[in-house]
Amino acid sequence: MRMNVNWISVLTVMVLVSKSTCLIAFSAYMSESKAGQSNSIIDGSTLIFDKVETNSGSDYSVFTGKFSVPSSGIYAFTWTICVDSRYTNPPGRLNYGEYGTELMMGSTKIGVLHTDTETKYDDACSTGFVIRYVSSGNQVYVRNNYAHQGKLLSKESQTRTTFSGWKMQ
């Protein structure tokens, strides 16, 4: 009888340990159709990365573009913004793709990134990376932070505009 109780205790501890060390991670990218609409994004808008590759825990929303932090800890976040140099806004001007973005935690800016190309047929991508302690219940997201020029570039077979994050500890 005593041996059965120990086995139950061992199994209980194993289940508790495996649940407490579960991986929290997400990785999403912007579809080509969503990137094609990016020239009309209003300043300060949250960027929506609508194609999910990984979303353990379902904490990233393709509807809001926000990651809801399920448990406090140290997280790593990365975002890559690519701009399309083949689109001018308005047509005929030499203001090809240019986007500034901010990584936000609630209303607090925790990272910034600028992507710019000044010549036609010379697309550009920039990547930001932030490691930060984040409390449970916060939302982390990417938004544009000023009047942009042109539109974002994200193509399935060429390059992707992405947003990813994972809990480190």
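**The nonpolar core**

Begin by selecting Phe77, Leu103 and Phe163, the residues with the most contacts inside the largest nonpolar core, which has 27 residues. A nonpolar core is here a set of buried Ala, Val, Leu, Ile, Met, Phe, Trp, Tyr and Cys residues joined through side-chain atoms within 4.5 Å. Buried means under 20% relative accessible area, exposed over 50%, and partly exposed in between, with a 1.4 Å probe and protein chains only. The elements S1, S4, S5, S6, S7 and S8 each give two or more residues to this core. S4 gives the most, with 5 residues. Strands are DSSP runs (E, at least two residues), as helices are (H or I, at least four), numbered from the N terminus.

The model is predicted: local features need pLDDT of at least 70 and side-chain atom pairs count only at pLDDT 80 or more, while totals for chains, interfaces and linings use all residues. Residues are numbered from 1 along each chain as its sequence is written, and side-chain values use heavy atoms, with hydrogens and water left out.

**The open sheet**

Next, display S3, S8, S5 and S6, which form an open sheet of 4 strands in the order S3-S8-S5-S6, with antiparallel pairing. Two strands pair if DSSP finds at least two bridges between them. At the edges are strand S3 (67–68) and strand S6 (108–116), each of which pairs on one side only. Within the sheet, select strand S5 (residues 98–105) and strand S8 (residues 139–144), which pair in the antiparallel sense over 5 bridges. Methionine 105 stands opposite valine 140 in S8.

Glutamate 102 belongs to strand S5 and arginine 143 to strand S8; the pair links distant parts of the chain, 41 residues apart. A salt bridge is a side-chain nitrogen of Lys or Arg within 4 Å of a carboxyl oxygen of Asp or Glu. Glutamate 102 counts as buried because its relative accessible area is 6%, whereas arginine 143 is partly exposed at 24%.

**Strands around S10**

Move to strand S10 (residues 162–167), which 5 bridges join to strand S1 (residues 25–29) in an antiparallel run. Here alanine 28 stands opposite phenylalanine 163 in S10. S4 also runs antiparallel to S10, joined to it by 6 bridges. In that pairing, threonine 78 is opposite serine 164 in S10.

**The disulfide**

Select cysteine 82 and cysteine 125, which form a disulfide with their sulfur atoms 2.1 Å apart. The criterion is a pair of cysteine sulfur atoms within 2.5 Å, and the structure holds 1 disulfide. The link of cysteine 82 and cysteine 125 is right-handed, with 110° about the S-S bond. Cysteine 82 lies in strand S4 (residues 73–84) and cysteine 125 in strand S7 (residues 124–134), 43 residues apart, so that the pair links distant parts of the chain. Cysteine 82 counts as buried because its relative accessibility is 0%; cysteine 125, at 43%, is partly exposed.

The side chains of arginine 160 and glutamate 53 meet at 3.0 Å, N to O. Arginine 160 sits in the loop between strand S9 (151–152) and S10, and glutamate 53 in strand S2, 107 residues apart. Glutamate 156 forms a salt bridge with arginine 160, the closest N and O atoms being 2.6 Å apart. Arginine 160 is partly exposed at 24% relative accessibility, whereas glutamate 156 is exposed at 52%. The structure has 4 salt bridges by this rule.

**Surface stops**

Turn to the surface and select Phe129, Ile131, Trp166 and Met168, a nonpolar patch with about 400 Å² of accessible area together. Patches are made of residues with over 30% relative accessible area and no salt bridge; like charges are joined within 9 Å, and nonpolar side chains (Val, Leu, Ile, Met, Phe, Trp, Tyr) within 5 Å. Accessible areas come from the Shrake-Rupley method with a 1.4 Å probe; for residues, only the protein chains shown count as cover. Isoleucine 131 lies in strand S7 and is partly exposed, with a relative accessible area of 47%.

Finish at serine 58, in the loop between strand S2 (51–55) and S3. Phi of serine 58 is near 55°, a positive value in a residue other than glycine. Serine 58 is exposed, with a relative accessible area of 59%.
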